[in-house]
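Subject: Two-chain model, handover and notes

Hello,

The structure you asked for is below. My notes follow it.

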Amino acid sequence: MLQDDGYKGVWVHIQHEEGQLTKPTLEILTAGRKVAEKLNHSLTAVVLGHEVEFLGRKTIEYGADEVIYCDDPKLENYLCLPYTTVLTNLVRERKPYAFLFLADEIGRDLAPRLAYRLKTGLATDNIELEIEDFYHVPTKTVYKNLLIQIRPDFATRVAKIYTPWHRPQIATVRPGNFGPAELDETRRGTFTVVKTNLNQEDFTVMLKDLRHIPTSPVQLDRAQAVVSIGLGILRDGRGNPRSSLEGFRLAQELAQAIQEKFGLKTEIGASRALIYAELKELHGLVTLDRQVGQTGKTVSPEIYFALGISGAVQHRVGMLRSKKIVAVNIDPGAPIFQIAHYPIIGDLYEEVPRLTELIRRF
Amino acid sequence: MIIVALLKGVPARTTRVVTVSGVLKREEMDIVMNPHDVKAIEAADYVKRRVGGKVVALTMGPEVKLAPIMNGLYDAQVEGVDEAIVLSDRRMAGADTLATAYTVSLGVKRLLDVNRNAVDEVIRLIEAVAEKKILLERSKELYNSNLIPNRIYSTLPAVKQSTISEYVSGRISKQDTLSRLDKFRESLGNFVIVTGVKSTDGETGSVGPQVAEALSDLYAFLVPHITYVHDFDIEPSSNTVTAERKISRIIQILEVKLPVLLTISPGYRSRVAPAGFKKEVRENNYKGKVRDLIKWDATLIGADSRKIGLPGSPTLVGPGVDIGRPLSQKILGRTFVFKEGVGSLQWEGQTYGPFQPGDRVDGLPDPLQRELTDRGLIQPFGYQDLMRELFGEFNASR
């Protein structure tokens with residue numbers, strides 16, 4: 001069953017937008033570089049598109065050893081079926097050991113279909129990738145140098161996923177966990193142009209039109225300090241109901257104080273629970289683009305405040321790379337305290353104003 | 001039209017999850033319907049109101065846990081679901097997304113086969129010039145089993161001209177009858193499958209696209225998918241779906257001929273079905289609401305036992321990992337730290353330190369900690385310590 005023979009090399013799927021490599025794509029190059037170096041394999045950037053050869057060449061400066069470039073006007077806009085066909089052919093021909101995708105709207109659409117067509121395993125939403133030997137207990141077999149895919153799993157924990165028997169090992173990688181690749185203009189690599197071989201059937205789904213969404217003014221991923229609120233703002237320490245707007249204002253004041261005092265760029269974040277509660281008072285204030293966590297944004301600011309957030313694993317994976325985490329919660333058993341550098345067990349309606357005041361007087 | 005809603009049972013309370021070596025033991029937990037799948041039912045119901053047909057809910061997992069959820073689908077709150085199927089077999093347990101997609105695709109195929117066989121049976125009876133009484137009786141049975149729509153046979157007073165009634169009364173020829181039945185048989189290939197964008201337990205979102213690919217393996221034609229659909233419409237005359245989905249900062253407007261699989265985004269709001277199609281919709285509808293949950297096992301759907309459950313899964317789930325636990329945690333007001341900087345400390349032949357203000361003391365021997373307390377050198381981690389550690393590196397700009 002082992003299909004390891006001849007499978008070599010780490011591939012990453014490169015995404016680009018309006019003639020630029022996307023920021024998350026620079027991260028996937030970091031992830032791929034890490035895995036390739038541990039395996040002592042080469043890193044290949046797979047670029048699909050039309051007239052974007054210069055972007056392909058750019059990936060070498062960001063860490064790729066080789067570029068596979070596939071140019072076709074029909075590949076200009078992402079569509080699952082033609083992309084799947086092109087990638088399937090490439091994988092079957094060239095047999096990579098691992099293939100990494102971004103865990104975004106494209107990767108989550110493309111990687112599953114490709115994995116099924118290749119009949120191989122897929123681990124989604126990885127926050128870390130390692131190379132380790134794996135001992136399979138039932139067969140008493142050691143598998144050398146497996147890609148260990150680490151992803152949030154079933155709400156309470158983070159699990160390692162192994163793909164011992166199938167190649168390539170396909171993984172989607174969550175942006176926000178690996179840091180952007182560094183530019184080195186002196187790097188050199190090989191550039192291979194491949195021809196496409198698309199069928200009529202690949203265009204069963206037709207792109208009729210495109211609409212651009214205006215950029216959101218909320219830029220969580222660029223903030224140096226994020227102040228996030230959760231459902232805990234609905235009650236104070238004595239259990240009395242509080243207006244969510246009051247909680248939001250407290251967070252806003254804290255963020256403002258940090259911004260004014262230290263010149264740090266701040267943003268207000270929120271937990272999924274709070275956003276999905278769709279509170280009337282917070283309408284237009286706590287919007288979907290403020291969500292931190294597995295379904296929202298992954299952030300890694302200098303300082304992260306979790307106010308009234310219990311910290312389900314889906315939230316934790318979205319902020320655990322923050323450099324300093326302060327958590328305010330009335331419940332000493334809240335899971336957020338497991339990862340907070342500075343737990344404050346107390347009533348956020350008392351603690352937050354105090355913190356704001358201390359910052360102003362700092 | 002056959003509209004399939006793929007549903008999943010997920011643990012009700014995400015805080016109490018029972019796993020055995022990485023595999024969820026669903027039979028030992030409270031199971032509810034995956035919240036994202038509610039949108040799939042909403043979308044399925046829209047297709048049914050727009051085109052007519054039947055909505056079949058299909059799920060996989062332990063029957064004993066899923067039966068209450070599936071039976072609940074007949075409640076008034078969920079208008080559209082006509083029948084429910086659970087794929088249940090111990091051999092299916094422990095499946096990853098690949099094995100799940102394979103199994104589910106076989107379930108969908110069997111569903112289509114069963115419906116096709118029903119039409120074939122009617123066709124055979126007519127070709128064999130069966131007695132009218134036999135034809136009517138058998139058609140009624142198939143109709144009551146939800147296998148042929150009002151268009152073919154009906155007991156509804158509002159549907160006066162079903163194909164069978166017209167044939168039996170001599171209003172249409174045998175040839176015309178057969179050609180109508182053939183046309184209907186062919187139309188069964190124009191199915192729609194809907195499902196939630198992902199489940200709240202595994203959160204992969206992979207099964208939808210993989211079911212579409214698995215079905216493409218089983219059939220000679222390609223079954224496409226569109227993920228994260230937040231708006232769509234279906235045009236019955238051309239069997240075309242137009243769907244919108246977001247990719248990064250772009251909304252794609254996509255068009256596809258049936259069959260298709262759609263994963264429905266949480267932001268989906270059902271459109272209002274246009275008026276004026278009532279008669280056609282009614283004719284395409286089935287009797288509806290088959291109350292008994294249908295259970296199919298691995299043998300019945302013709303599954304290869306090497307491709308289902310744990311043996312059919314390329315991925316294995318390993319042990320849980322601790323994430324991000326900080327090496328040095330300081331709890332406000334509770335963790336004892338040095339009040340001020342202290343040089344090296346000698347204690348029973350060991351050297352400790354030097355220490356900075358705010359350094360934790362809990363690594364030191366207990367008697368040493370007590371002595372430091374007595375000497376007033378340590379205190380609980382306080383607000384000033386917190387401020388210094390958080391913002392000390394940033395110069396106050398004003």
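In which loop of chain B does B:Pro354 lie? B:Pro354 is in the loop between β17 (350-352) and α9 (366-374) of chain B. Helices (H or I, at least four residues) and strands (E, at least two) are DSSP runs, numbered from the N terminus.

Conventions first. This is a predicted model, in which local features need pLDDT of at least 70 and side-chain atom pairs count only at pLDDT 80 or more, while totals for chains, interfaces and linings use all residues. Residues are numbered from 1 along each chain as its sequence is written, chains are lettered from A and ligands numbered from 1 in the order in which they are written, and side-chain values use heavy atoms, with hydrogens and water left out.

Overall shape

Chain A has nine helices and 18 strands. Its radius of gyration is 23 Å, close to the 21 Å that the globule rule gives for 362 residues, so chain A is as compact as a globular protein of that length. The radius is taken over C-alpha atoms, and the rule is 2.2 Å times the number of residues to the power 0.38. Along the principal axes, the C-alpha atoms of chain A fill a box of roughly 65 × 55 × 45 Å.

Chain B has 10 helices and 18 strands. For its 398 residues the globule rule gives 21 Å, but the radius of gyration is 31 Å, well over that value, so chain B is more spread out than a compact globule. The corresponding box for the C-alpha atoms of chain B is roughly 110 × 50 × 40 Å.

Burial and cores

Buried means under 20% relative accessible area, exposed over 50%, and partly exposed in between (1.4 Å probe, protein chains only). Buried residues make up 59% of chain A and 55% of chain B.

A nonpolar core is a set of buried Ala, Val, Leu, Ile, Met, Phe, Trp, Tyr and Cys residues joined through side-chain atoms within 4.5 Å. The largest has 73 residues, and those with the most contacts inside it include A:Leu87, A:Phe99, B:Val194 and B:Phe232. Contact means heavy atoms within 4.5 Å. Leaving aside residues up to four places away in sequence, A:Leu87 touches A:Val46, A:Leu48, A:Phe99, A:Phe101, A:Leu110 and A:Leu114. A second, separate core has 64 residues, among them A:Leu21, A:Leu39, A:Ile127 and A:Phe337.

A:Val194 sits in strand β12 (residues 190-194) of chain A and counts as buried at 11% relative accessibility. Its contacts, again not counting residues up to four places away in sequence, include A:Ile68, A:Leu90 and A:Arg94.

Backbone points to check

Most residues other than glycine have a negative phi, and most peptide bonds are trans. The exceptions below are listed with their places.

- B:Leu258 and B:Pro259 are joined by a cis peptide bond, with omega about 0 degrees; B:Pro259 is in the loop between β11 (250-257) and β12 (260-264) of chain B.
- B:Gly353 and B:Pro354 are joined by a cis peptide bond, with omega about 5 degrees.
- A:Glu51 has a positive phi, near 55 degrees, lies in the loop between β4 (43-49) and α2 of chain A, and counts as exposed at 60% relative accessibility.
- A:Lys119 has a positive phi of about 55 degrees, lies in the loop between α4 (107-118) and β7 (122-126) of chain A, and counts as partly exposed at 33% relative accessibility.

Regards
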